Amino acid sequence: MEPTIPHQGADGFGALFSEFTAQARRLVRAEVSLARTELRAEARKASAGARLLAGGGVVLLLGALTFVAFLVAVLAEALPLWASALIVAVVLLAVGGGVAWSGLQRMKQVHGPERTIQTLKEDGQWASRTAHAMKSQIHGHA
C-alpha cells in the first residue's frame, strides 16, 4: 500500500514542490557525476585501442615498404637477397595485422554510459510517481 500524503493546501504544496525540486537537483548532479566517471573509463579504453590500431598501421606500413624492397630486389636480380626481403615483409605484415586486429577488438569494447542511462530511467520513474502524488494532493485525493 502506497503511503498517503495528507492534504495540506497551498502551503503544503509549496513545501512539497520545493522538496521535489531539491531532490531533482541532487539527482541531476549525481547523474552527471556518474556519467563523467563512466565516460572517463570508456575514453581510456578507446585511447588504448586507438594506440594499438595506430601501432599496427605503422608496422603494416613498414611491411609494405619492405615488400616494395622485395619487388625491387627481385626485378634487379634473381639472387637470394629477395628471399630475405620476402621473409621480412611477410613477418612485418603478419605482426602489423595482428596488432591492428587487437586494436580493433579493443575499440569494439568501448560502450556508452550504460549505468547512467539505467539510473536516468529509474529517476524518470521516480519523478513521474512523485508528480502523480503531488497532483493527487492538489486535488485532495489520498
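Trainee: Which residues does threonine 116 touch, not counting residues up to four places away in sequence?
Mentor: Threonine 116 touches Glu31, Leu34, Ala35 and Glu38, where contact means heavy atoms within 4.5 Å. This is a predicted model, in which local features need pLDDT of at least 70 and side-chain atom pairs count only at pLDDT 80 or more, while totals for chains, interfaces and linings use all residues. Residues are numbered from 1 along each chain as its sequence is written, and side-chain values use heavy atoms, with hydrogens and water left out.

Trainee: Is threonine 116 buried or exposed?
Mentor: Threonine 116 counts as buried, at 5% relative accessibility. Buried means under 20% relative accessible area, exposed means over 50%, and partly exposed is in between, with a 1.4 Å probe and protein chains only.

Trainee: Where is threonine 116?
Mentor: Threonine 116 is in helix H3. Helices (H or I, at least four residues) and strands (E, at least two) are DSSP runs, numbered from the N terminus.

Trainee: How many helices and strands does the chain have?
Mentor: Three helices and zero strands. Along the sequence the pattern reads α-α-α.

Trainee: OK, and how much of the chain is buried?
Mentor: Of its 142 residues, 20% count as buried. In helix H2, the buried residues are Ala85, Ala89, Gly96, Ala100 and Gly103.

Trainee: What should helix H2 span?
Mentor: Helix H2 (residues 81-108) has 28 residues and should span 40 Å at 1.5 Å a residue; its end C-alpha atoms are 41 Å apart, which agrees. The expected span is 1.5 Å times one less than the number of residues.

Trainee: What does UniProt list for "transmembrane region"?
Mentor: The unreviewed UniProt entry lists residues 52-75 and 81-101. UniProt positions are given in the numbering used here, feature names are shortened, and annotations may be inferred rather than shown by experiment. In the model, residues 81-101 are 100% helix and 0% strand, with end C-alpha atoms 30 Å apart.

Trainee: New topic. How many aromatic pairs does a search of the whole structure find?
Mentor: One. Phenylalanine 20 and tryptophan 126 are stacked, at 5.5 Å centre to centre with 20° between the planes. Rings of Phe, Tyr and Trp (its six-membered ring) pair if their centres lie within 6.5 Å; planes under 30 degrees apart count as stacked, over 60 as edge-to-face and the rest as tilted.

Trainee: What does that pair tie together?
Mentor: Phenylalanine 20 lies in helix H1 (residues 9-76) and tryptophan 126 in helix H3 (residues 114-138), so the pair ties together parts that are 106 residues apart in sequence. Phenylalanine 20 counts as buried, at 17% relative accessibility.

Trainee: How many salt bridges are there?
Mentor: The count comes to two, a salt bridge being a side-chain nitrogen of Lys or Arg within 4 Å of a carboxyl oxygen of Asp or Glu. Arginine 26 forms one with glutamate 19, with the closest N and O atoms 3.7 Å apart. Lysine 45 forms one with glutamate 42, at 3.4 Å between the closest N and O atoms.

Trainee: How far apart in helix H1 are lysine 45 and glutamate 42?
Mentor: They are three residues apart, so about one helical turn separates them. Lysine 45 is partly exposed at 32% relative accessible area, while glutamate 42 is buried at 15%.

Trainee: And what is glutamate 42 in contact with, leaving aside its neighbours within four places in sequence?
Mentor: Glutamate 42 is in contact with Gln109, Val110 and His111.
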